[in-house]
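Please look over the model shown below, with attention to its aromatic contacts, its nonpolar cores and its overall dimensions.

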Amino acid sequence: MTEQAIQRRLIKQLEAEGYYVIKLTVTNKTGIPDLIALKPNEVRFIEVKRPNGKVSKIQEYRIKELRKLGFVAEVYKGES
């Protein structure tokens, strides 16, 4: 399964759970996670990878940076 297919599946799942999901395509910060999932008083940043996908150093840095700011930032590894 491609990363894009995993993202589509995850977006559907999150929206079924009541999240408003935004897929980022262009940002001013390299390495920012792919998705932002929003609920009242809750923001989740989600980097989507294939099961064998690797998080780059800049993505690791951005996830740590977001966590330090108090956000939930995670890596989701989809099914193959």
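Is Phe71 buried, partly exposed or exposed? Phe71 is partly exposed, with a relative accessible area of 32%, where buried means under 20% relative accessible area, exposed over 50% and partly exposed in between, with a 1.4 Å probe and protein chains only.

The model is predicted, so that local features need pLDDT of at least 70 and side-chain atom pairs count only at pLDDT 80 or more, while totals for chains, interfaces and linings use all residues. Residues are numbered from 1 along each chain as its sequence is written, and side-chain values use heavy atoms, with hydrogens and water left out.

The chain holds 2 helices and 4 strands, in the order α-β-β-β-α-β from the N terminus; helices (H or I, at least four residues) and strands (E, at least two) are DSSP runs, numbered from the N terminus.

A search of the whole structure gives 1 aromatic pair. The ring centres of Phe45 and Phe71 are 5.3 Å apart and their planes stand at 75°, so the pair is edge-to-face; rings of Phe, Tyr and Trp (its six-membered ring) pair if their centres lie within 6.5 Å, with planes under 30 degrees apart counted as stacked, over 60 as edge-to-face and the rest as tilted. Because Phe45 lies in strand β3 (residues 42-49) and Phe71 in the loop between α2 (57-68) and β4 (72-77), the pair ties together parts that are 26 residues apart in sequence.

The accessibility of three residues is set out here.

| Residue | Relative accessible area | Class |
|---|---|---|
| Phe45 | 9% | buried |
| Phe71 | 32% | partly exposed |
| Asn41 | 87% | exposed |

Asn41 lies in the loop between β2 (35-39) and β3, and its phi is near 60°, a positive value in a residue other than glycine.

The largest nonpolar core has 10 residues, including Ile6, Tyr19, Val21 and Val48; such a core is a set of buried Ala, Val, Leu, Ile, Met, Phe, Trp, Tyr and Cys residues joined through side-chain atoms within 4.5 Å. Helix α1 (3-16), β2 and β3 each supply at least two residues of this core, and α1 gives the most, with 4 residues. Apart from this core lies another, of 6 residues, among them Ile36, Ile63, Leu66 and Ala73.

Of the 80 residues of the chain, 35% count as buried. The C-alpha atoms fill a box of roughly 30 × 30 × 20 Å, taken along the principal axes.
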